[in-house]
Amino acid sequence: MTTPQLTKNQSLVFEVLEKAEGPLSAYTILDKLRDHGFRAPLQVYRALEKLLEYGVVHRLESINSFVACAHPGDNCHSHGIVAFAICESCGQVMEFHDHEVDHRLMGWVRGQKFKPEKTTIEIRGLCEACAA
């Protein structure tokens, strides 16, 4: 899937996430874009919805925040199940994919005849630097 041309608002939201040091909430994104004419959370949420659909942004469910995809040009959805390690101390987020985990989960899904609509794997703890 090729990422479609982004609208002005989508581009601005994506740029904020790309430049961010860590995950951002929709309200933090709104605050960063007020000088660009953003006035309402709905503007941010609409842009995020499309960016999520295009696979260039991820929502971190456990902390209700968003991050830019680590490899947006590769069509993140084609990598299978994406997982995140979230540091509880510094907020660093590491995005990763593990084929073995992917295959095991898909094997379980097939065995149960379960039709998944969404899979989110988030591991929360301390990164190497914070654990030291």
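Is glutamine 10 buried or exposed? With 7% relative accessibility, glutamine 10 lands in the buried class, where buried means under 20% relative accessible area, exposed over 50% and partly exposed in between (1.4 Å probe, protein chains only).

A quick note for every view: this is a predicted model, so local features need pLDDT of at least 70 and side-chain atom pairs count only at pLDDT 80 or more, while totals for chains, interfaces and linings use all residues. Residues are numbered from 1 along each chain as its sequence is written, and side-chain values use heavy atoms, with hydrogens and water left out.

**View 1. Glutamine 10 and its contacts.** Glutamine 10 sits in helix α1; helices (H or I, at least four residues) and strands (E, at least two) are DSSP runs, numbered from the N terminus. Skip the neighbours within four places in sequence, and glutamine 10 touches Gln5, Ala47, Lys50, Leu51 and Tyr54 (contact means heavy atoms within 4.5 Å).

**View 2. The second largest pocket.** Its volume is about 220 Å³. Leu17, Ala20, Val67, Ala68 and Val93 are the closest to the pocket centre, out of 15 lining residues. Two or more lining residues come from each of α1 (8–19), β2 (65–68) and β4 (93–96), and β4 gives the most, with three. By class, the lining has ten nonpolar, two polar and three charged residues; Ala, Val, Leu, Ile, Met, Phe, Trp, Tyr, Cys and Pro count as nonpolar, Asp, Glu, Lys and Arg as charged, and the others, Gly among them, as polar. A pocket here is an open set of points on a 1 Å grid over the protein atoms alone, where a 1.4 Å probe fits, with protein on both sides within 12 Å along at least five of seven lines; lining residues have an atom within 4 Å of a point. The volume is the space filled by probe spheres set on the points.

**View 3. Cysteines without a disulfide.** The disulfide count is zero, taking a disulfide as a pair of cysteine sulfur atoms within 2.5 Å. For cysteine 130, the closest cysteine sulfur belongs to cysteine 127 and is 3.7 Å away, so that is too far for a bond. Cysteine 130 is partly exposed at 27% relative accessibility, whereas cysteine 69 is buried at 6%.

**View 4. The one aromatic pair in the whole structure.** Tryptophan 108 and phenylalanine 114 make a tilted pair, 6.2 Å centre to centre with 55° between the planes. Rings of Phe, Tyr and Trp (its six-membered ring) pair if their centres lie within 6.5 Å; planes under 30 degrees apart are stacked, over 60 edge-to-face, and the rest tilted. Tryptophan 108 is partly exposed, at 49% relative accessible area, and phenylalanine 114 is partly exposed at 49%.
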